[in-house]
Amino acid sequence: DPQARAGAAAPLKRARSACACVYMLRLLLASDVHDDTSAIEALRAWLSSHDLLGKLDAVLCPGDLTTAPAASLDAEEEARYEAAAQRVLDGLGSLAPRLVFSPGNHDPPRFFSGFGGGNSSASTSNAHARSLSLAPGLWLAGWGGSATATEEGVPVWPGWPLSEDENAAGYAQLQRALRGGGSAGASFDGPGPGDSLLLLPHCGPAGAGTTVVTAADPNNPSSPGMRRAPILSGSHHLSALLDSRLLQRQCVAVVHGHTHAGVGLSSLGRVPVINPGSLRFGRRFGLLTLRREPDQWQLESLHFHALDGVSPSHGSSAPTAASLALSPPVADAAAAC
């Protein structure tokens, strides 16, 4: 995708710092919209009321734009869900100059065809089974679909639309590409040994708290009550990838969706694992700022927000919010140059 790569560095901004080698990237994290375009309009109102419209570099969406069933679709059904997904992409894409998404298990099958198949354009990129340049020295690699989720060892949510063997092969191809061995069967070529990597899977890694459902209502993290046994929804193949020294060194963060009630921050080794929650179920989203200094990307800050109390016509209400600063302020970075 030469066009996408050529324009990838456009959103990059130099930080207001005495250190010329510090750069910032501000990202909106919005996942699991499930057709709720009214939530996107509420998000627009929130961003406007917080003076953030026009100041974001990109939107990252880890999938489930629509709510297609985990089953084969006829041509009419597929066209209907593709149109629904496109409405969500149009809405999210209007919030920042660039939108990157990985399709979820409820997105149309065509979004998984080829590499980055389905609904890519100059400003919108489907990251499934491919790597994309976000900024100099920073690449994003995506993988769509879900793993089989279990409760007490019994499958409760099917993995879809890819088999576990296909998921394993995809992550193996990414690892080979990062080691310089090419990525036959996927389009992961691009990141070099010294580059930083941001992973955007729909399904997060097994072992991270953001993929474990303990809430009585798996769609609502604010609902009281606990499950007798948790639902484990993470991918063991992604965890195996993150266990490698290469990924532990190069991966800035994993941003995933799928587990609506798993909103928050976890980690596997030194790699932060971020689940912004569902924009529809819980009305959650995140704001992530990355910085580069002098040649390594790292997390600057991460904030989780909820849209409760905000409507498209009344964007002044303050939502509930939780935030976490993960690294020193940019002003402190001059000594690193």
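Among contacts between residues at least 6 apart in sequence, what share joins residues at least 24 apart? In this protein the share is 68%, where contact means heavy atoms within 4.5 Å. The model is predicted: local features need pLDDT of at least 70, side-chain atom pairs count only at pLDDT 80 or more, and totals for chains, interfaces and linings use all residues. Residues are numbered from 1 along each chain as its sequence is written, and side-chain values use heavy atoms, with hydrogens and water left out.

**Overall make-up**

- The protein has 6 helices and 18 strands. Helices (H or I, at least four residues) and strands (E, at least two) are DSSP runs, numbered from the N terminus.
- Of the 337 residues, 55% are buried. Buried means under 20% relative accessible area, with a 1.4 Å probe and protein chains only; exposed means over 50%, and partly exposed lies in between.

**Helix H2**

- Helix H2 covers residues 37-49. Its 13 residues should span 18 Å at 1.5 Å a residue, and its end C-alpha atoms are 19 Å apart, which agrees. The expected span is 1.5 Å times one less than the number of residues.
- The buried residues of H2 are Ala39, Ile40, Ala42, Leu43, Ala45, Trp46 and Leu47.
- What covers them includes strand E2 (23-29), H3, strand E16 (284-292) and E17.
- After H2 comes Asp51, with a positive phi near 55 degrees.

**Helix H3**

- Helix H3 covers residues 75-93. Its 19 residues should span 27 Å at 1.5 Å a residue; the end C-alpha atoms are 26 Å apart, which agrees.
- At the start of H3, a side-chain oxygen of Asp74 comes within 3.2 Å of the backbone nitrogen of Glu76.
- Buried residues of H3 include Tyr81, Ala84, Ala85, Val88 and Leu92, and also Glu78 and Glu82.
- Their cover includes H2, strand E3 (58-61), strand E4 (99-101) and strand E5 (124-126).
- An α-helix has 3.6 residues a turn, so residues three or four places apart point the same way.

**Where H2 meets H3**

- The axes of H2 and H3 come within 10 Å and cross at roughly 0 degrees. Axes are lines fitted to C-alpha atoms, for helices over the stretch in contact, and angles run from 0 to 180 degrees between N-to-C directions.
- H2 and H3 are therefore roughly parallel. That label covers angles under 35 degrees; over 145 is roughly antiparallel, 65 to 115 roughly perpendicular, and the rest oblique.
- H2 brings Thr37, Ile40 and Arg44 to the contact, and H3 brings Arg87, Val88, Gly91 and Leu92.
- By class, the contact has 3 nonpolar, 2 polar and 2 charged residues. Ala, Val, Leu, Ile, Met, Phe, Trp, Tyr, Cys and Pro count as nonpolar, Asp, Glu, Lys and Arg as charged, and the others, Gly among them, as polar.

- Ser102 sits in the loop between E4 and E5. Ser102 is buried, with a relative accessible area of 0%.
- The Ser102 side chain reaches the backbone oxygen of Leu200 at 2.6 Å.
- Leu134 lies in strand E6 (residues 130-135). Leu134 counts as buried, at 4% relative accessibility.
- Leu134 and Ala58 are 76 residues apart in sequence, yet 8.9 Å apart in space, C-alpha to C-alpha.
- Ser301 is in strand E17 (residues 297-306). Ser301 is buried at 14% relative accessible area.

Methods. Polar contact = N/O pair within 3.5 Å; in protein donor to acceptor, adjacent residues only side chain to side chain.
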